[in-house]
Amino acid sequence: LPPPRYAFYMLSGSSCDVYQLVIDAFIHEVLGIYDSSVCWGLGFGISVALRHTSHRYLVFGDYVGGYWSSLGRMYFAYSIIIAISSAFNFVMTHWLPLNHYV
């Protein structure tokens, strides 16, 4: 009896959130980019490729239409989320007294 797909989706998503945090910290600490909204947007954008691969192996299986087509569709879908969450991050860190890493 295989585990439910949702359990693998949660594992994939949570592990990719950790990857995104590590990428964000690298951008912030190593590359010296201190604007949290830029770090967030870049980190999220880079992590989409990792999320794509993780979802393929842990959740959905083979790509529909090939790797590049599938990755392009995922970036298109995530682009709205990246833009909105980066704007929200800007509001939280520039207009409200919140730190880069809350």
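Predicted model: local features only at pLDDT ≥ 70, side-chain atom pairs only at ≥ 80, totals over all residues.

Colleague: How many helices and strands does the protein have?

Modeller: The protein has three helices and zero strands. Along the sequence the pattern reads α-α-α. Helices are DSSP runs of H or I with at least four residues, strands are runs of E with at least two, and both are numbered from the N terminus.

Colleague: What are the spans of the protein along its principal axes?

Modeller: The C-alpha trace spans about 50 × 30 × 25 Å. The protein exposes about 6800 Å². Carbon and sulfur atoms supply 74% of that area. Accessible areas come from the Shrake-Rupley method with a 1.4 Å probe, and for residues only the protein chains shown count as cover.

Colleague: Why is H28 called buried?

Modeller: Buried means under 20% relative accessible area, exposed means over 50%, and partly exposed lies in between (1.4 Å probe, protein chains only). H28 has 11% relative accessibility, so H28 counts as buried. H28 lies in helix α1, residues 5-29. Across the protein, buried residues make up 32% of the 102 residues.

Colleague: What is H28 in contact with, leaving aside its neighbours within four places in sequence?

Modeller: H28 is in contact with I33, Y34, C39, H100 and Y101. Contact means heavy atoms within 4.5 Å.

Colleague: What makes helix α2 kinked?

Modeller: Helix α2 covers residues 36-60 and has a kink of about 30°, centred on V48. The bend at a residue is the angle between axes fitted to the seven residues ending there and the seven starting there.

Colleague: Which features sit at the start of α2 and just after α2?

Modeller: At the start, a side-chain oxygen of D35 reaches to within 2.9 Å of the backbone nitrogen of S37. Just after α2, G61 takes a positive phi of about 90°.

Colleague: Why does S36 count as buried?

Modeller: S36 has a relative accessible area of 6%, so S36 is buried. S36 lies in helix α2. Residues up to four places away in sequence aside, S36 touches N89, T93 and H100.

Colleague: How do you know that the side chains of S36 and T93 make a polar contact?

Modeller: A polar contact is a pair of N or O atoms within 3.5 Å; within protein, one must be able to donate a hydrogen and the other to accept it, and residues adjacent in sequence count only if both atoms are side-chain atoms. The side chains of S36 and T93 make such a contact at 2.9 Å.

Colleague: Which side chain does S54 join by a polar contact?

Modeller: The side chain of S54 joins that of S12, at 2.6 Å. S54 is in helix α2. S54 has a relative accessible area of 12%, so S54 is buried. Not counting residues up to four places away in sequence, S54 touches S12, S15, C16 and V59. S54 and C16 are 38 residues apart in sequence and 7.7 Å apart in space, C-alpha to C-alpha.

Colleague: Why is G45 called buried?

Modeller: G45 is at 17% relative accessibility, so G45 counts as buried. G45 lies in helix α2. Neighbours within four places in sequence aside, G45 is in contact with Y75 and I82.

Colleague: Is Y78 buried or exposed?

Modeller: Y78 has a relative accessible area of 17%, so Y78 is buried. Y78 lies in helix α3, residues 67-95. Leaving aside neighbours within four places in sequence, Y78 is in contact with F44, V48, R51 and H55.

Colleague: How far apart are the mean positions of the positive and negative charges?

Modeller: The mean positions of the 4 positive and 5 negative charges are 18 Å apart. Lys and Arg count as positive and Asp and Glu as negative, while His and the chain ends are not counted. The place of a charge is NZ of Lys, CZ of Arg, CG of Asp or CD of Glu.

Conventions
Residues numbered from 1 in each chain as written. Heavy atoms only, no water.
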